[in-house]
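User: Can you walk me through this one? I'm new to reading structures.

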Amino acid sequence: MLAVEKVKKSFDGFVAVNGVSFSIKRGEICAIIGPNGAGKTTLFNLITGHLPVDEGKLFFKGMDITHMPPHRICRLGMGRSFQRTNIFPRLTVFQNIQAAVLVHRGKSLNFLKPVESFFREETQAILKRVGLKDYGETVSGSLSYGFQKQLELGIALASEPELLLLDEPTAGMSAQETHQTIELIGRITKEKGLTLLFTEHDMEVVFSIAERIMVLHQGRLIAEDTPEEVRKNSEVQKIYLGEGR
Amino acid sequence: MPRENWFLVIIILCLALLPMSESRFYIFLGTDILIMGLFAVSLNLLLGYTGLVSFGQAAYFGIGAYTCALLMKKASVAFPIAFAAAAVFGAVAALIIGFFCIRLTKIYFAMLTLAFSQIVWAIVFKWNSLTGGDNGLIGIPFPQHLDSPTRFYYFTLFVVVLSLFLLRKLVNSPLGRMLTTIRENPERTEFIGINVKKFQLIAFMISGFFSAIPGALFGIFNHSIFPDLLFWSHSAEVLIMTILGGMYSFFGPMVGAAVILYLRMLVTSYTQYWPLIMGTILTLLLFFFPGGILGFLRSQLTFLKRNR
Ligand SMILES: Nc1ncnc2c1ncn2[C@@H]1O[C@H](COP(=O)(O)OP(=O)(O)OP(=O)(O)O)[C@@H](O)[C@H]1O
Ligand SMILES: [Mg+2]
């Protein structure tokens, strides 16, 4: 599904991602963990084309996406959410999701018909799926933080991606919200047969749904294994104990 | 029909009845407002809808004015063809200039649009043999059948209403929604699968097209055109109209144009301090009514409704 080969990225001499390689099979649920500043978000930005790689190659569904712009990568079937919520704040919740549906169904250049009439049911279905059924007409910027994260997930799902990248989907959420969101993500992933790659600080979340865990430290991948093995890995323990966790 | 559309029909009817006043003053003012209003709405497709601050929109207005006037005066092209050519030239110029401008973002984008418009101005200013340079083009022939102020007013009203109809259809369409999502969050728009630069360029072109139309009307309305039309101060003026009227409502810029042109007409007959007064209005506006006139009225309206 996704193959990352010796990818490297530096900012003004500071190496943020240092020769990372891994691959993910269709249907897998993988997590990337690592302390703050390990390079997780940067790695995501490289995969989705938001940042150009310095070295290395990226393949998605067998296609070379190393130098593709983000919108094309998205259209190939990759969806993502951002660490800092990234929505269309002055549009309603409904309009946020509908925009993504419009693009996915190839109607973004239509300039003749009123936009309201497009894909109402499809959009409602997604709203329902991410638990925002009753908030369709709310201006999205006024939603609570947890709901905004859910909306972001909805926007990503509206493009019906095959691979979903979630950058800290529960960051800043209360324990209860975290629990609900994780349940939601797990359910959707199963229903849709999605491949999932996510980053997360909350270890409980990681160990509850990930099938495979990759540990990133100072831009390098230092471990890649099942949750049980990663838990036992001494190097990983050292990093996390050193962090005071 | 929704209430807003009824309201528009009434306004159009009122405008259609304006010549009954038989006042040359109001007919001229009305024509001027319609022309500048369309120009401001065209600019607002970029500013309010796509989130692109163009500081050089006068270039396309001027290109429209010069294209139409030159074709009619120097090549004796029939008015309808010259008029259509003006709009197409506006769009083509916007395509070429926009191609470079969209590579930059925010303030750099604004500066580049300004720089290009000054280049176009300099060409018009210096190309004496074609444009008449500083002396401008005078004696632009009135098209057949449009040779009285009233007739020209009706023609302008027709063109402006048609243009606004098309533009409103566009901003309410899926394409228009995509422009709004770009305004709201270009990064996210890119990752729902939109080529943001391409859509920005499309908006830039459409805006150039609809900026050239009022330009062409303006040249004929005034019988003459001067390079001033392309100068940056003209870009600033239409920007002010747009912000004054309200850039987050479709008709806001139209209202802004009406208010500024009417006030200017009043004020300049008493004093020569129009720029001072305009500056004061703008300052008050930015502090107290950041949503512009229509934005303010709309918030009052929802306030009243809620308290009923
Ligand atoms: N655009 C940028 N310019 C310069 N440095 C950057 C940039 N983006 C990230 N960095 C640096 O790269 C390093 C990795 O950042 P990154 O955001 O990828 O970490 P992360 O693993 O996502 O951390 P967190 O857990 O805090 O989200 C950090 O030291 C950061 O300061
Ligand atoms: Mg991060």
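User: What does the side chain of Lys40(A) do at ligand 1, in distance terms?
Analyst: A polar side-chain atom of Lys40(A) lies 2.8 Å from an oxygen atom of ligand 1. A polar contact is a pair of N or O atoms within 3.5 Å. Keep in mind that this is a predicted model: local features need pLDDT of at least 70, side-chain atom pairs count only at pLDDT 80 or more, and totals for chains, interfaces and linings use all residues. Side-chain values use heavy atoms, without hydrogens and water.

User: How far is Asn36(A) from an oxygen atom of ligand 1? And Thr42(A)?
Analyst: For a polar side-chain atom of Asn36(A), the distance is 2.9 Å. For an N or O atom in the side chain of Thr42(A), it is 2.5 Å.

User: How much of ligand 1 does the protein cover?
Analyst: 63% of the 630 Å² of accessible area that ligand 1 has on its own. Those areas come from the Shrake-Rupley method with a 1.4 Å probe.

User: New topic. How do α3 of chain A and α8 of chain B pack?
Analyst: Helix α3 (residues 93–104) of chain A meets helix α8 (residues 174–184) of chain B at about 120 degrees, with axes 10 Å apart. Axes are lines fitted to C-alpha atoms over the stretch in contact, and angles run from 0 to 180 degrees between N-to-C directions. α3(A) and α8(B) are therefore oblique to each other. Under 35 degrees is roughly parallel, over 145 roughly antiparallel, 65 to 115 roughly perpendicular, and the rest oblique.

User: And α1 and α7 of chain B, at what angle?
Analyst: Helix α1 (residues 3–17) and helix α7 (residues 149–171) of chain B pack at about 165 degrees, with their axes 11 Å apart. That makes α1(B) roughly antiparallel to α7(B).

Methods: Residues are numbered from 1 along each chain as its sequence is written. Chains are lettered from A and ligands numbered from 1 in the order in which they are written. A polar contact is a pair of N or O atoms within 3.5 Å; within protein, one must be able to donate a hydrogen and the other to accept it, and residues adjacent in sequence count only if both atoms are side-chain atoms. Helices (H or I, at least four residues) and strands (E, at least two) are DSSP runs, numbered from the N terminus.
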